[in-house]
Amino acid sequence: MKEVANQKVKIGHYNGKKITHLFACNVFNAKAAREWLSDEAYKSLMHSIKSGNKLERRMADGIAAGLKAWAEEKGATHYTHWFQPLTGTTAEKHDSFFTIKGDGTAIEEFDGNALIQQEPDASSFPNGGIRATFEARGYTAWDPSSPAFIVETGYGKTLCIPTIFIAYSGESLDHKAPLLKSLAELNTAAVDVCHYFDKNVSKVTATLGWEQEYFIVDENLADARPDLMMCGRTLVGHSPAKGQQLEDHYFGAIPERLFEYMQDFEAEAYKVGIPLRTRHNEVAPGQFECAPIFEECNIAVDHNSLLMDTMHRVAKRHKLKVLLHEKPFAGVNGSGKHNNWSLSTDTGVNLLAPGKTPRTNLMFLTFFVNTIKAVHDYADLLRAAIASASNDHRLGANEAPPAIMSVYLGSYLTKVLDEIEERVTEKFSEQDEAILKLDIHKQIPELLLDNTDRNRTSPFAFTGNKFEFRAVGSSANCAGPMVVLNTIVTATLKKFKQEVDGLIRKGEKKEIAILHVLQSYIRDSKVIRFEGDNYSDEWAEEAAQRGLSNFKTTPEALGAFVTESSKELFIQNGIYSERELEARYEIMLEEYVKKVQIEARILGFLATSHILPASIAYQNELITNVTGLKSLGLAEDSYRSQLNILKVTSNHIQEINDNVEAMIAARKVANKEENMHQRADEYCHQVKPYFDKIRYHADKLELIVDDKLWPLPKYRELLYIR
Ligand SMILES: [Mg+2]
C-alpha cells in the first residue's frame, strides 16, 4: 500500500498559462459566435438567447455550419447532444461529422436538423411509466441559452450541445426542461412586481452560485473496497483513532498530489467556461471544496453537472477517486452543495441586496419577505427537493442542516421585520416611513463581517445579498432544488401582486399597500424563522411545537410532491403536468429503492465473503493457539485472554451471520410489494435498520482481527494516504 502513495503522474495542468488565457477557449460563446456566424445568424441567435424565444428554423443551418467550422478548427471530430436525464448523471451519444454520400464521397457534415433535434434511443432512461417500451422514442432539443462547448477526453474532442430531453408525447424526462420553465415563469412574475418600483426592468434572472464539497481517496485503495466502488460510500469501517477532532484539516495546506489533481480538473473546467474561484480543505480529513463565481441559474446548473463529470474523469489520470456521495465515511462530516440563490434585473440590480434609498429598500424587502413567505408556505416541498437515499445520511446528522426547514436572517434584519410587523398601522403614518429610511445596506455588510452573526447550522440562510440553501446534497443535480425554489417564489410573487393591486384599487397608496401586504406575510411566515442552533435537540422540540414538519427519511419527504397543493402549484405555473409530477415521484421512489437495495446486496456480500472469512481465519488461529497451549499441559488461566478473544470473535461472527440472513429475508418481503411508495417504506424501515446492526459487529471485528488478515483498506488508509 505504500507504493500506492508514491505513485506520481505527470500532468500539464495550466501549462504556465494564465487562467484568462484558458478561460472559455472551448466555448461557443458570444465572441466565438460573432466570429464564426454570418451577421444575420449571429443576430438571430443572440435575440433568441436574450428573449428566450425559439430560434427561427431557417437560421439553424447557418448556425450549424458556423458551429461545425469552429469545432473542427478546434480539432473536434464528433458532436453530441448533451443532456441531464433523471439518472443523476449526464448523458451523451456521439455522432461523427463524417458521412458518406450516395456517390461514395466521404465528407464532414452537420446541418440545422442535427443541431436542433436528435432522437436518441431512450428506452433505458427513467421515465416513471410515461413511456411504454413500444413508444421508446425520446427527443433531445437544443437549448440555445446554454452555449455549446468542446470536451477533450483522451485523444478525442467532442462538440457538446446542451439540450432538453422529452418523451415522444411531450413530457419532460430530464432536469433542464422544468428548470427552463421555472426560470421563465419566475421572470414574468418578478418583472411584474419590479414594475412597482422601476418600469425599466424588462427581465429578471435567477442566479446560482454553488459550492461543491467532495472527498478524494486513492484509486487503488478504493478499488479494493466493493462498497466504495459500487455505492460511493463505505458500508463498514471503524473510525480512525484520529478523525477530525483536532480540526487540523480545515483550510490547511493542500497535499501536493491532490493539489496537482485540483489544478488539472480546474484547467479542464476553465476551458469549458466554468468560472471556478475557490478551493480549500474542508473539515473532514480527505475532504475538499471548490466553488465558482455565480452565474445565470440555467448555466450554473449545467456547469455543476459538467464539473462533476470532469472531476471523476480527471481523477483517473491521477490514480485518484473522487467521492461526491453525501456521507462516504461514518464518524466524520459529510458533503453538501450549498446553493446560493438570488435574483438580478437586466438593469443591473440584485433584488436581494438591500437598497440605498427608501424606495430601493422597499424593493429589497419585497423580494426578501416574499422568499421567506414562499419557504414558509412550501417548506415540505423544499424538503422533498433535497431528499435522496444518500442525503438521508447527512441531514440531521449533527453536522449538517436538519431535515426541518427554517430560515435564518441575522439579528439586524430580524429587527427590521419585527418593526414592520409591529409599527405599520392601519393608518400608515409618515413616521412609519422611517423604517424604509434605515441604512440597511450599510448595516448588513458590517454585521456579516462579524462571524457571530453567521449561522452555519441553518438549512436556508440569508447571507447579505442572497439566500444560501445549504441542505442540498453534494451529489445532487442543482436543478431539483432550483426548480422548486423558483416555482414557490413565482407563486408567492403572483399572489403578492394580486393582493397589492387589490389594496391599490381600494384607494391605498402604492407604497402603503405594499407595506401592508408585507406586514401580513411577515406575520404569517414568522414560525419558519429561526436564529438559534439548528443542530440542537431543543430545536427539534421547538419546531414540533411550532408545527413545522420534520421528515427524516426520503420516502416520507417525497410525498410532498404529490399533495393537492403541490399539484396545483406546479400545474398552474406550467412547470409539470399531473402526469409528469406522478412520473417524477415514481422515479424518485424507485431510485431510493434501488440505491438501498444495492447497498443491502453489497453489504451482505462484504459480510459473507470478506469479513466473515477473515474473522473465521483469525478464529482458527486462536483455536490453534489455545489447543497448542492446552496440549502443553498449561493451566487454563495462562490462555484466558485468547479464550476471551475467541468468545468475543465468535459472538460477532454469529451476530453478523444472523443479521445478514434476516436482512435478506426482509428484502424479499419488500421486493414483493407492488406499490412503489410501500416498497420504499419497507426498504427504509425494514431493510435499512440491518445496516447499522451488521456494521456494528463488523467494525468491532475490524479492531480485533489481525490486521494482516483484514481484507478491506481501513479508514486511516483511505482518509490519510496522500
Ligand atoms: Mg463547505
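1. I598 counts as partly exposed, because its relative accessibility is 37%. The cut-offs are these: buried is under 20% relative accessible area, exposed is over 50%, and partly exposed lies in between (1.4 Å probe, protein chains only). I598 is found in helix α22. Helices here are DSSP runs of H or I with at least four residues, strands are runs of E with at least two, and both are numbered from the N terminus. This is a predicted model, where local features need pLDDT of at least 70, side-chain atom pairs count only at pLDDT 80 or more, and totals for chains, interfaces and linings use all residues. Residues are numbered from 1 along each chain as its sequence is written, and side-chain values use heavy atoms, with hydrogens and water left out.

2. I598 belongs to a nonpolar surface patch with M229 and M230. Together they have about 280 Å² of accessible area. Patches take residues with over 30% relative accessible area and no salt bridge; like charges are joined within 9 Å, and nonpolar side chains (Val, Leu, Ile, Met, Phe, Trp, Tyr) within 5 Å. The areas come from the Shrake-Rupley method with a 1.4 Å probe, and for residues only the protein chains shown count as cover.

3. The largest nonpolar core has 160 residues. Y214, F265, F367 and F368 have the most contacts inside it. Helix α22 (residues 578-631) gives the most to this core, with 15 residues. Apart from it lies another core, of 25 residues, among them L37, A71, A76 and I161. A nonpolar core is a set of buried Ala, Val, Leu, Ile, Met, Phe, Trp, Tyr and Cys residues joined through side-chain atoms within 4.5 Å. In soluble globular proteins, nonpolar side chains tend to be buried together.

4. Y214 touches residues including M262, F265, F288, E289, M311 and L324, leaving aside those up to four places away in sequence. Contact means heavy atoms within 4.5 Å.

5. The metal site comes next. E213, E282 and E289 coordinate the magnesium ion through OE atoms, at 2.0 to 2.3 Å. Their spacing in sequence is E-x68-E-x6-E. E213 lies in strand β9 (residues 204-218) and E289 in strand β11 (residues 287-292), so the pair ties together parts that are 76 residues apart in sequence. E213 and E289 are both buried. Donors are N, O and S atoms within 2.8 Å of the metal (3.2 Å for Na, K and Ca); water is not among the atoms, so the site may look incomplete.

6. The whole structure holds 35 salt bridges. Each is a side-chain nitrogen of Lys or Arg within 4 Å of a carboxyl oxygen of Asp or Glu. One of them joins D302 and K176, at 2.8 Å from N to O. The pair links distant parts of the chain: D302 is in helix α11 (residues 297-317) and K176 in helix α7 (residues 176-194), 126 residues apart. D302 counts as buried, at 4% relative accessibility. K176 is also buried, at 2%.

7. R58 pairs with E40, the closest N and O atoms being 3.3 Å apart. R58 lies in the loop between α4 (39-51) and α5 (60-73) and E40 in helix α4, so the pair ties together parts 18 residues apart in sequence. R58 is exposed, at 57% relative accessibility. E40 is partly exposed, at 47%.

8. R695 and D699 form a salt bridge with closest N and O atoms 3.2 Å apart. They are four residues apart in helix α25 (residues 689-704), so about one helical turn separates them. R695 and D699 are both buried. Elsewhere, salt bridges that share partners join E152, K157, D264, E268, K271 and R317 into one network.

9. Two backbone angles deserve a look. Most residues other than glycine have a negative phi. Phi of A24 is near 60°, a positive value. A24 lies in the loop between α2 (19-22) and α3 (30-36), and is buried at 14% relative accessibility. Phi of K319 is near 55°, again positive. K319 sits in the loop between α11 and β13 (320-323) and is partly exposed, at 35%.

10. Last, W70 in helix α5. W70 is buried, with a relative accessible area of 3%. Its contacts include C25, F28, W36, I150 and L159, not counting residues up to four places away in sequence.
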